[in-house]
Amino acid sequence: MILELDCGNSFIKWRVMPRAGGGSAIAGGVVDNSEELIAALADRFSEQLSDCRLVSVRADEETRLLSGALSARFSMRCRVAESAPMLAGVRNGYEDYKRLGLDRWLALVGAYSLTHGACLVVDLGTAITSDFVDANGQHLGGFICPGMPLMRSQLLTHTRRIRYDSVAAEHARDSLVPGHSTAEAVERGCSLMLRGFVNTQLELARQQCGADVVVFLTGGDAAMAAEWVPAARVVPDLVFIGLAIACPLTGE
Ligand SMILES: Nc1ncnc2c1ncn2[C@@H]1O[C@H](COP(=O)(O)OP(=O)(O)OP(=O)(O)O)[C@@H](O)[C@H]1O
Ligand SMILES: CC(C)(CO)[C@@H](O)C(=O)NCCC(=O)O
Ligand SMILES: [K+]
């Protein structure tokens, strides 16, 4: 079995796949840190993991420690995705290709592998990122802005009186009419910022890549954005699709 990891800034997303080259996930989850990850895996998969592949946007040292701990604990090979100027028909558009976040790069490569045509990838996590690729696989660049979790926490951190609980937040998200409570005002305000961003990306994508550009949404808040872009494809495992391309294992 193969362990796949997407180490984001806030969470580590993991899944166990039956073998190289496909099938559906046997198990998966989201954890806060490597200790939790090892605990989640140790019960069920102690003897069965042969390989690991991972992508990380964390510091190199932190990523090295994580892959070292995993390969030691589960006696498996561990491959770490690296930056590349070109992969699977996609050409990195950054001035310095090493600076493009690896999660963005792999999601883009994953999306292009599904369409072989122009795409826009919007990843809504801690940060929100968008990336454009044309029909020839040329990455046209992208954007980075704060995601919903960061927008909320900035308001909370830098004000005295913006306070509300998660139940109120949940209810507030039922509608986008002007808020009559702090929870509604903040949640809907941030949602509208997100909606404005997503709609602008869509316009830009059509200008840059043509009207038949395929829109992919991924990351924790993808489902929310999907309401505003009915034609979009919500692909939660886009980064993992790219990861398999970047780190093929024997047999793939
Ligand atoms: N405590 C939690 N337990 C389980 N799942 C969670 C928890 N907190 C968040 N999630 C889910 O985990 C996923 C995190 O995805 P997201 O794309 O937001 O990752 P992230 O690591 O915060 O972002 P990034 O990759 O940009 O750093 C979301 O689907 C979210 O709903
Ligand atoms: C933007 C994030 C934080 C999104 O996870 C990540 O892709 C990253 O750290 N990128 C490096 C900066 C860049 O992509 O230009
Ligand atoms: K991400």
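## A buried aspartate

Two residues are in contact here when heavy atoms of one lie within 4.5 Å of the other. Keep that in mind as we walk through this structure, which is a predicted model.

Let's start with Asp-131, which sits in strand β9. Is Asp-131 buried or exposed? Its relative accessibility is 2%, and buried means under 20%, so Asp-131 counts as buried. Leaving aside neighbours within four places in sequence, Asp-131 is in contact with Leu-100, Arg-104, Leu-108, Cys-119, Leu-120, Val-121, His-139, Gly-141 and Gly-142. Take Gly-141 from that list: Asp-131 and Gly-141 are 10 residues apart along the chain, and their C-alpha atoms are separated by 5.7 Å.

## The nonpolar cores

Now for the greasy parts. How many residues does the largest nonpolar core have? The count is 26, and the members with the most contacts inside this core are Leu-120, Leu-124, Leu-194, Val-215, Leu-217, Ala-225 and Val-229. Which elements give two or more residues to this core? They are strands β8 (119–124), β9 (127–133) and β11 (214–218), along with helices α4 (148–157), α6 (182–209) and α7 (222–226). Helix α6 provides the largest share, with 8 residues.

Zoom in on Val-229 and you'll find that it touches Val-198, Leu-202 and Val-215, if you skip residues up to four places away in sequence. There is also another core, lying apart from the largest one, with 25 residues. Val-55, Val-90, Leu-106 and Phe-240 are among them.

## Helices α1 and α2

Next, some helix pairs. Helix α1 covers residues 34–45 and helix α2 covers residues 60–74; their axes come within 11 Å and cross at roughly 20°. That angle makes α1 roughly parallel to α2, and the crossing is right-handed.

Who does the touching? On the α1 side you have Ser-34, Leu-37, Ile-38, Leu-41, Ala-42 and Phe-45, and on the α2 side Leu-66, Ala-69, Leu-70, Arg-73 and Phe-74. Sorted by class, this contact between α1 and α2 has 9 nonpolar, 1 polar and 1 charged residues.

With a relative accessibility of 10%, Thr-63 counts as buried. Not counting residues up to four places away in sequence, Thr-63 touches Leu-54, Ser-56, Arg-58 and Val-80.

## Helices α3 and α8

The next pair is α3 (residues 102–115) and α8 (residues 238–246). Their axes are 7 Å apart, and the helices pack at an angle of about 85°. How are α3 and α8 arranged, parallel or perpendicular? They are roughly perpendicular to each other.

From α3, the residues in this contact are Asp-103, Leu-106, Ala-107, Val-109, Gly-110, Ala-111, Ser-113 and Leu-114. They meet Leu-238, Val-239, Ile-241, Gly-242, Leu-243, Ile-245 and Ala-246 of α8. Split by class, the residues come out as 11 nonpolar, 3 polar and 1 charged.

## Helices α4 and α6

Helices α4 and α6 have axes 10 Å apart and pack at an angle of about 135°. That makes α4 oblique to α6. The crossing of α4 and α6 is right-handed.

On one side of the contact are Met-148, Met-151, Arg-152 and Leu-155 of α4; on the other are Val-186, Glu-187, Cys-190, Ser-191, Met-193 and Leu-194 of α6. By class, the contact of α4 with α6 has 7 nonpolar, 1 polar and 2 charged residues.

## Two positive phi angles

Here's a backbone detail to look for. Most residues other than glycine have a negative phi. Ser-75 has a positive value, near 40°. You'll find Ser-75 in the loop between α2 and β5 (77–80), and Ser-75 is exposed, with a relative accessible area of 64%.

Ala-88 also has a positive phi, near 50°. Where is Ala-88? Look in the loop between β6 (86–87) and β7 (90–91). Ala-88 is partly exposed, with a relative accessible area of 42%.

## One last stop

Finally, find Ala-168 in helix α5 (residues 166–172). Ala-168 counts as partly exposed, at 27% relative accessibility. Ala-168 and Gly-28 are 140 residues apart along the chain, and 29 Å separates their C-alpha atoms.

Definitions and conventions. Residues numbered from 1 in each chain as written. Chains lettered and ligands numbered in written order. Predicted model: local features only at pLDDT ≥ 70, side-chain atom pairs only at ≥ 80, totals over all residues. Heavy atoms only, no water. Axes fitted to C-alpha atoms, helices over the stretch in contact; angles between N-to-C directions. Helix = DSSP H or I, 4+ residues; strand = E, 2+ residues; numbered from the N terminus. Parallel < 35°, antiparallel > 145°, perpendicular 65-115°, else oblique. Left-handed = near helix turned anticlockwise from the far one by under 90°. Nonpolar A, V, L, I, M, F, W, Y, C, P; charged D, E, K, R; others polar. Core = buried A, V, L, I, M, F, W, Y, C linked by side-chain atoms within 4.5 Å. Buried < 20%, exposed > 50% of the residue type's maximum accessible area, 1.4 Å probe, protein only.
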